[in-house]
Amino acid sequence: MLMRTYEKVNAMFEEAGGYLPARKMLDNKITTVQIRTLLQEGKIERVSHGNYWNLMSGKKKPKNYKLIEACMTNPKAIICALSACHYHGLLEEEPEELYIATARTDRGGMKLKFPVSRHYFSVQSFWDDVQEVKTKSGIIRVYKVDRSVCDCIRLEKEIGREKVELIVENYKKRKRTRPDHLLAYADKMRFGRIVRQYLEE
């Protein structure tokens, strides 16, 4: 493969923030054979089906690369619960699995190179309290802090009471919280009583 092809591909990745979908390369006349060669030579890394990370620059992946790669892999996925609380600073230790929410009607693939805990939400509540964060390397879709705390309480049996208590304790210490909003969402999801017990402790 010609040196100018490597340079062209590297420039495309750099302009996009380090990640590129295969379709972008194909649109710019980089063939599937050339993409395969770049993979075999360790110039690029496949992060999920049809999505790649640039290895030619020698740069490290961004801090929140798992969140970016998940949202890139499924454009309708949202970071939720434990992972959202970690993102918002309510949990110091990164969860072993990335918590992802998708609508119950969404059967899009989520095959990633790290463990994922996928949770299905009703279409009615799925888009409530979503914030979209644009980074240099891609978009992160994550539930806002109040809803994220609420979802962790709802998933107490999976997450563990001790960790949920820590999240709630850190939530109470925050200056900007909306407990009324949190409770309204909890009531909507029919577990307001449990959430109130946590907040009153």
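Guide: Start with the axis: it is a line fitted to C-alpha atoms, for helices over the stretch in contact, and angles run from 0 to 180 degrees between N-to-C directions. This is a predicted model. In it, the axes of helix 9 (residues 161–173) and helix 11 (residues 192–200) come within 9 Å and cross at roughly 65 degrees.

Visitor: Why are helix 9 and helix 11 called roughly perpendicular to each other?

Guide: Angles of 65 to 115 degrees count as roughly perpendicular. The axes of helix 9 and helix 11 cross at roughly 65 degrees, and therefore the two helices are described as roughly perpendicular. Their crossing is right-handed.

Visitor: Which residues make the contact of helix 9 and helix 11?

Guide: Helix 9 brings Arg161, Val164, Glu165, Val168, Tyr171 and Lys172, while helix 11 brings Tyr198, Leu199 and Glu200. Contact here means heavy atoms within 4.5 Å. By class, this contact has five nonpolar, no polar and four charged residues.

Visitor: Where do helix 7 and helix 10 meet?

Guide: On helix 7, the residues are Asp146, Arg147, Val149, Cys150 and Asp151; on helix 10, they are Pro179, His181, Leu182, Tyr185 and Ala186. These divide into six nonpolar, one polar and three charged.

Visitor: What lines the largest pocket?

Guide: There are 17 lining residues, with Pro21, Arg23, Asn51, Cys71 and Met72 nearest the centre. Helix 4 gives the most, with four residues. The lining divides into eight nonpolar, six polar and three charged residues, and the pocket has a volume of about 360 Å³.

Visitor: Which element gives the most to the lining of the second largest pocket?

Guide: Strand 6 does, with three residues. The second largest pocket has a volume of about 230 Å³. Its lining includes His119, Tyr120, Phe121 and Arg154, and by class it has four nonpolar, four polar and four charged residues.

How values were computed. Residues are numbered from 1 along each chain as its sequence is written. This is a predicted model: local features need pLDDT of at least 70, side-chain atom pairs count only at pLDDT 80 or more; totals for chains, interfaces and linings use all residues. Side-chain values use heavy atoms; hydrogens and water are left out. Ala, Val, Leu, Ile, Met, Phe, Trp, Tyr, Cys and Pro count as nonpolar, Asp, Glu, Lys and Arg as charged, and the others, Gly among them, as polar. On a 1 Å grid over the protein atoms alone, a cavity is a set of points where a 1.4 Å probe fits but cannot get out, and a pocket is an open set with protein on both sides within 12 Å along at least five of seven lines; lining residues have an atom within 4 Å of a point. Grid points are joined across faces, edges and corners, and a volume is the space filled by probe spheres set on the points. Angles under 35 degrees count as roughly parallel, over 145 as roughly antiparallel, 65 to 115 as roughly perpendicular and the rest as oblique. A crossing is left-handed if the near helix is turned anticlockwise from the far one by less than a right angle, and right-handed if clockwise.
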